[in-house]
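Here is a short briefing on charged pairs and nonpolar packing in one protein model. Please have the sequence and the 3D view at hand as you read.

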Amino acid sequence: MITIGIIEDNHFQLNNYKEFLEDFQECKVVFACRSMEEFRALPYKDPDVKAILLDISLPGDSGIEGMEELKQHYPDAKIIVLSGHDGQQYVIESIMHGASGYIIKTSRLMEIYHSILDAVTQGGTLSPKAAHLLIAHISKDPLESIRDRLTKREYELLGLLKDGHSYKEMAERLYVTVHTVNQHLKKIYSKLNVASKSELISKIWSNNLF
C-alpha cells in the first residue's frame, strides 16, 4: 500500500488529486490539506506516509519552508513538489531542501501517479522540464558567475580549492608559500561573504556564491 499525503492550496486540484489517486487499489490518501498550517492542525498524523505531493506556493508558510517539518514527521517519505513554477531556481531550491522529485502542474494525472510510483520504488522523479533544468545547473561551472569579482590569482586558487587540493598542494602549484595561500583565501572569504573553507566549498557546490 502506498500511503500518500497531499498539501495543495487549490481546493479543486486537491480534491481532483485525492479522488484520482484513491481509484488505484494500491494508493491510500491519508491526509489532504490546503496549507502547512492546516497540516499542523490535524488531530492525528499517520506515521506511515510513503509519498507527499507538495505545492510550494501556499498561503502562510511556503512548501519549501515546510519541507523540514514534513521530513521530521516522515523521515522516510518521498516529497514530490507539484508546482506551477518551472523556473530553475524553484527546482534547485526544492531539491536542495530535501524534495525527491519535482513535477510541473501541467502534467497529466496519470503522469503524477507514475511519478509517485517512481519516487517510492526508485527513490526520485523529475518531469522532463525539471530534469533539463537540473542538468543545466549541474553542468554549469559554479565559479563562472563570480570570475569578475576576484583577481586572476584568487580565481586560480578557488579553482584548485574546488578540485580538492590541500593548502600545501595549492602553494606548490602556484609557486607561493602556504602563508600566501592563506592570505588570498582570507580575501576570498571577505569578497564572497563566507566565514570558513567548509562554508565556501558548500556554496561552490550548491551554486550559491551570490
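The notes below cover salt bridges and then nonpolar cores.

This is a predicted model, in which local features need pLDDT of at least 70, side-chain atom pairs count only at pLDDT 80 or more, and totals for chains, interfaces and linings use all residues. Residues are numbered from 1 along each chain as its sequence is written, and side-chain values use heavy atoms, with hydrogens and water left out. Helices (H or I, at least four residues) and strands (E, at least two) are DSSP runs, numbered from the N terminus.

**Salt bridges**

- A salt bridge here is a side-chain nitrogen of Lys or Arg within 4 Å of a carboxyl oxygen of Asp or Glu, and the count comes to nine.
- Glu8 pairs with Lys105, with the closest N and O atoms 2.8 Å apart.
- Glu8 is buried at 2% relative accessibility, where buried means under 20% relative accessible area, exposed over 50%, and partly exposed in between (1.4 Å probe, protein chains only).
- Lys191 and Glu154 join in a salt bridge at 2.7 Å, N to O. Because Lys191 belongs to helix H9 (residues 178-192) and Glu154 to helix H7 (residues 152-162), the pair links parts that are 37 residues apart in sequence.
- Within that pair, Lys191 is partly exposed at 35%, while Glu154 is buried at 2%.
- Glu22 and Lys18 form a salt bridge too, at 3.3 Å from N to O. Glu22 is partly exposed, at 36%, and so is Lys18, at 29%.
- A network of salt bridges links Glu37, Arg40, Asp61 and Glu69.

**Nonpolar cores**

- A nonpolar core is a set of buried Ala, Val, Leu, Ile, Met, Phe, Trp, Tyr and Cys residues joined through side-chain atoms within 4.5 Å.
- The largest one has 23 residues, and Ile7, Phe31, Phe39, Ile52, Leu54 and Leu70 have the most contacts inside it.
- Elements giving two or more residues to this core include strand E2 (27-33), helix H2 (36-40), strand E3 (51-54) and helix H3 (63-73). H3 provides the largest share, three residues.
- Not counting residues up to four places away in sequence, Phe39 is in contact (heavy atoms within 4.5 Å) with Ile7, Phe31, Cys33, Lys45, Glu69, Leu70, His73 and Tyr74.
- Another core, of 19 residues, lies apart from the largest one and includes Leu14, Cys27, Leu53 and Ile116.
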